[in-house]
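Here is a friendly walk through one protein model, written for someone who likes to look at side chains. Please keep the structure open beside the text as you read.

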Amino acid sequence: MVIPCGHRVLIKVTDITEFDPVYQSARRSGIAIADSHEDHQRKQAGMDKGTVVSIGPTAFKDFGGDAWCSVGDLVVFAKYAGKVVEDTDQTKYVVLNDEDIVAILKDNIVTGK
């Protein structure tokens with residue numbers, strides 16, 4: 001179990017194959033895209049969207065108001081921010097400073113890369 005400390009937020013990064021329109025279109029068509037492991041890792045490293053899993057005890061306190069995101073929110077965070085960590089079941093997360101969360105995605109908003 002990964003627990004964020006202090007002003008940090010734990011994010012489960014969205015898998016590029018679940019979010020990218022090219023991968024989605026290929027999946028709907030029954031086409032499997034064969035990326036090399038290195039290509040997939042590079043594309044995944046640039047992913048800047050994920051779901052808030054946990055919020056540290058002092059997150060958002062320095063900003064004088066309520067938290068601007070909640071557990072379960074799909075958020076956009078600063079690209080290449082934070083520290084990638086792996087849980088005991090090999091699930092990958094990123095631990096971010098609270099200020100690295102830049103937006104909450106609601107409904108079916110399409111964002112650029």
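The side chain of Asp 73 has a polar atom 2.8 Å from the backbone nitrogen of Ser 70; a polar contact is a pair of N or O atoms within 3.5 Å, where within protein one must be able to donate a hydrogen and the other to accept it, and residues adjacent in sequence count only if both atoms are side-chain atoms. This is a predicted model, in which local features need pLDDT of at least 70 and side-chain atom pairs count only at pLDDT 80 or more, while totals for chains, interfaces and linings use all residues. Residues are numbered from 1 along each chain as its sequence is written, and side-chain values use heavy atoms, with hydrogens and water left out.

Where does Asp 73 sit? Look in the loop between strand E2 (49–55) and strand E3 (74–77); strands (E, at least two residues) and helices (H or I, at least four) are DSSP runs, numbered from the N terminus. Asp 73 is buried but has no salt bridge, and the nearest side chain of opposite charge, Lys 106, is 4.0 Å away. Here buried means under 20% relative accessible area, exposed over 50%, and partly exposed in between (1.4 Å probe, protein chains only). A salt bridge is a side-chain nitrogen of Lys or Arg within 4 Å of a carboxyl oxygen of Asp or Glu. For charge, Lys and Arg count as positive and Asp and Glu as negative, while His and the chain ends are not counted. Setting aside residues up to four places away in sequence, Asp 73 touches Gly 50, Thr 51, Val 52, Ile 104 and Lys 106, a contact being heavy atoms within 4.5 Å.

Side chains of opposite charge can pair when their charged atoms come close. By the rule above, the count comes to one salt bridge. The side chains of Lys 49 and Asp 48 form it, at 2.8 Å, N to O.

Val 76 is in strand E3. Not counting residues up to four places away in sequence, Val 76 touches both Asp 48 and Lys 49, along with Asp 100, Ile 101, Val 102, Ala 103 and Leu 105. Val 76 and Gly 50 are 26 residues apart in sequence, with their C-alpha atoms 6.7 Å apart in space.

Next come the rings. The structure holds one aromatic pair. Phe 60 and Trp 68 have ring centres 4.5 Å apart and planes at 75°, so the pair is edge-to-face. Rings of Phe, Tyr and Trp (its six-membered ring) pair if their centres lie within 6.5 Å, with planes under 30 degrees apart counted as stacked, over 60 as edge-to-face and the rest as tilted.

Some burial values:

| Residue | Relative accessible area | Class |
|---|---|---|
| Phe 60 | 1% | buried |
| Trp 68 | 34% | partly exposed |
| Lys 49 | 3% | buried |
| Asp 48 | 11% | buried |
| Val 76 | 14% | buried |

Thr 91 lies in the loop between strand E4 (83–86) and strand E5 (92–97). A polar contact of 2.8 Å joins its side chain to that of Asp 89.

Finally, the whole chain. The protein has three helices and six strands, arranged along the sequence as β-α-α-α-β-β-β-β-β. Of its 113 residues, 32% count as buried. Among contacts between residues at least 6 apart in sequence, 70% join residues at least 24 apart.
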